[in-house]
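Hi,

Here is the structure I promised to pass on. Please open it first, then read my notes below.

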Amino acid sequence: MPSLGEIIRESQIWKSIFRHPAPVDRRNRIVVMLTNFFLHLHPVSIKKQGIALSFTWCMGGVTFFLFLVETVTGVLLMFYYRPTLEWAYNDILALRDVTSLGILRELHRWGAHAMVITVWLHMYRVFLTGSYKPPREFNWVVGVILLLLTLLLSFTGYLLPWDQLAIWAITVGSNMARATPFLGYEGPGNQLLTIDGIDMITNASDARFGLLGARFVGEETLNRFYVLHCVAIPLAASLLLAIHFWRVRKDGGISGPL
Amino acid sequence: MHGVPLDLFLKQISGFLGTYYLLLALMNAVAAYLLWQGSSRQRELFRVPGADFPVTTAFIWLVVSLFFLLISPLAYSGDPQWMRLISLPLAVRAGINWLMDPTIYTVGTLLLLAFLFVFRRFFVKPWVAWSGLNLAMLLMGMSMTDPNFAAIVTKADNVPIVGLIFLLAFFTWLATYKAVLNDDRIKQGLEPLEKLDNEKVLVWPDLVYTELICMVAITALLLFWAIALQAPLEEPASSVKTPNPSKAPWYFLGLQEMLVYYDPWMAGVVLPSMIIAGLMAIPYIDFNKTGNGYYTIDQRKFAYVMFQIGFLVLWVTLIVMGTFLRGPNWNFFGPYEIWDAHKVEALNNVDLSEYFWVWFMQSSRPRAPEDASDLAKIGYAVRRELPGILLVIGYFTMLPPALIVMSKYFQTMFIKMGFVRYMVLTNLLLMMMLLPIKMLARWSPFHLKYFISMPEYMLNF
Ligand code: HEM
């Protein structure tokens, strides 16, 4: 009698998906890395120290995993949440008090905080092991952009609950844009951008206005931040993550002493 | 938790604190057990004279564990009498509050980190680090019975920062531990430890399983965190009711703290851009080929120290200060101080140009006549601020060559890097150092506000 596992693994469906026997022997452990879409991100074999937890702290991996957690919980939250002045706060309130899976909001928020922390720790590790040195200079640069995107993701998400904490944190944060040199209404040098005596940089045309979509944090801002948070920045981050991982491989895998 | 009577507050916190001490007891018990098991790792410290009893490290941690086990019921009791025994004495708290100000805090953390760095060989020893952890945990526990301390530390959005502090401490210890080992090996002509694990292993199962376990652990942690702590939700947004203090999200509080010393165009726009650009520039200005792919400090001391000044000393400590020690009106509050919105702090800061013209030249600051043309007004402003302008320009242009002349180290650096890279490096570092310089100038008896102050053009520096 073949066991249930064997029946499943011998079935046409299973074989059509995996195309090779279970990775229990050396040959198939190699094959699985080459044929599986998700696993082919990795090489087949790797230096032992490259996977030592005490070396990488697994922080890049944890950051990526948190990014995935944020994506999944974020999409689910989007089913509930409407980014309008009328609904935003109430939807969050309902997530807390009424909705059965309201804990998704906690997962999403704490996951976001955790991701900021782990991305810093990852950068810290990469610095302390000198892993940004040639040939990995460019991947460090990609990483810095990812760091910036992580912070921006967190920042734009902070506004969405539309409570006092949210709008004032974003107000404080975005007030600084008002002082952008040349392009900010209260920044040095904006007087230079004058045509025929008409100021080009006003509080309705400066950098802060571009960020908020209005003169103060309002409905336009909520919409703008929502789109940035749910679409634009995640897309940009995904692209850069793909490049980041690709480059880890192309630069010769995890760094190590020569 | 403000406004709650003390005994009620102690009741509320008692469950948490009791469990906290139980966990500490468990932590030390596990450490003792592991040391006792792998008996080669436990060291005999001394023998009790008379009785033939070896006092080992395992024994010490067992005693510590028992200590935490004993104070745990005191915390669980929630009784003010008992809890007083496991609280920092009021006098100590008052003393710390009284001592603390931005100067002491910032200089103090800098000195502490420098001290840890210089004596790192001692502090990375596992038993020293473990004692440090225990002490920090105990201090934290004994502070939690203070309502003001508890109120800021347990604020839901602040909890991650408490976590960040401990995680950073742990990973800094780990990295330094490995660096010290490697540095010793390198001195003896051996290769770094990482090199010993050079053999290749298959990714399935070695890496894939590690990743799976990591994912499960993170998921569990996140679930626990989400169940234990509710995400904050305050009153609905209102553009007329400004909360005091209004704080940016915690990861930007370093920038908000810089607003004390810089105008927004610097703190909010120029400096963040410089941080990003500076980080990106690191691989291109660090010409040191050694220390690639393993932990070391001695082989790249300059890069290491500069990075730590930027990251731990400036970025992280300012965030911690902005989160825990800045209250209403962005005033500074000690860790056990009540956040009183009416606290007044005298602010009489003076610009450099005032010192120059009024104090030094004994005249008044140049001022453009009312009917002067726009260009003439600029001329007057520049003349008024000339001392500061020259100082700033000199700082960025004269110091880099001066360093080459004065120090052999920078001379070699210049030769190896070439003009452009050297100037980029030194200017980035000088820009970073300007923040502590501005802090010192502000705290000094001169209370210096701006080097260059042209409010009419919104250009203050
Ligand atoms: C969303 C953010 C990021 C994710 C998900 C991510 C992910 C990863 C992963 C999975 C690795 C493999 C090794 C490891 O886990 O340590 C890695 C390597 C690397 N990362 Fe990141 N990273 C991020 C941000 C950054 C940042 C902010 C930097 C630097 C500023 C950076 C620089 C690098 C470099 C240079 C490597 C190669 C390290 C080596 O070979 O030892 N990354 N990253």
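Start at the ligand: one of its oxygen atoms sits 2.7 Å from an N or O atom in the side chain of A:Ser255. Keep in mind that this is a predicted model.

An N or O atom in the A:Arg125 side chain is 2.8 Å from a ligand oxygen. With A:Gly61 the backbone is involved: a backbone N or O atom there lies 3.5 Å from an oxygen of the ligand.

Now the whole shell. It holds 26 residues, and A:His122, A:Arg125, A:Gly143, A:His244 and A:Ser255 are the closest to the ligand. By type, the shell has 12 nonpolar, 12 polar and 2 charged residues. Four helices of chain A each supply at least two shell residues: helix 5 (59–80), helix 7 (103–128), helix 8 (137–159) and helix 11 (219–250). Helix 8 of chain A gives the most, with 7 residues.

Next, the packing. The largest nonpolar core has 135 residues. Within this core, A:Trp120, B:Tyr21 and B:Trp250 touch the most other members. Its top contributor is helix 14 of chain B (residues 301–325), with 14 residues. There is also a second, separate core of 25 residues, which includes A:Val62, A:Leu66, A:Phe67 and B:Trp225.

B:Tyr21 deserves a look on screen. Beyond its neighbours within four places in sequence, B:Tyr21 contacts B:Phe68, B:Ile71, B:Ser72, B:Ala75, B:Ile86, B:Leu138, B:Gly141 and B:Met142.

Best wishes

How values were computed
Residues are numbered from 1 along each chain as its sequence is written. Chains are lettered from A and ligands numbered from 1 in the order in which they are written. This is a predicted model: local features need pLDDT of at least 70, side-chain atom pairs count only at pLDDT 80 or more; totals for chains, interfaces and linings use all residues. Side-chain values use heavy atoms; hydrogens and water are left out. A nonpolar core is a set of buried Ala, Val, Leu, Ile, Met, Phe, Trp, Tyr and Cys residues joined through side-chain atoms within 4.5 Å. Buried means under 20% relative accessible area, exposed over 50%, partly exposed in between (1.4 Å probe, protein chains only). Contact means heavy atoms within 4.5 Å. A residue is near a molecule or strand if one of its heavy atoms lies within 4 Å of it. A polar contact is a pair of N or O atoms within 3.5 Å; within protein, one must be able to donate a hydrogen and the other to accept it, and residues adjacent in sequence count only if both atoms are side-chain atoms. Ala, Val, Leu, Ile, Met, Phe, Trp, Tyr, Cys and Pro count as nonpolar, Asp, Glu, Lys and Arg as charged, and the others, Gly among them, as polar.
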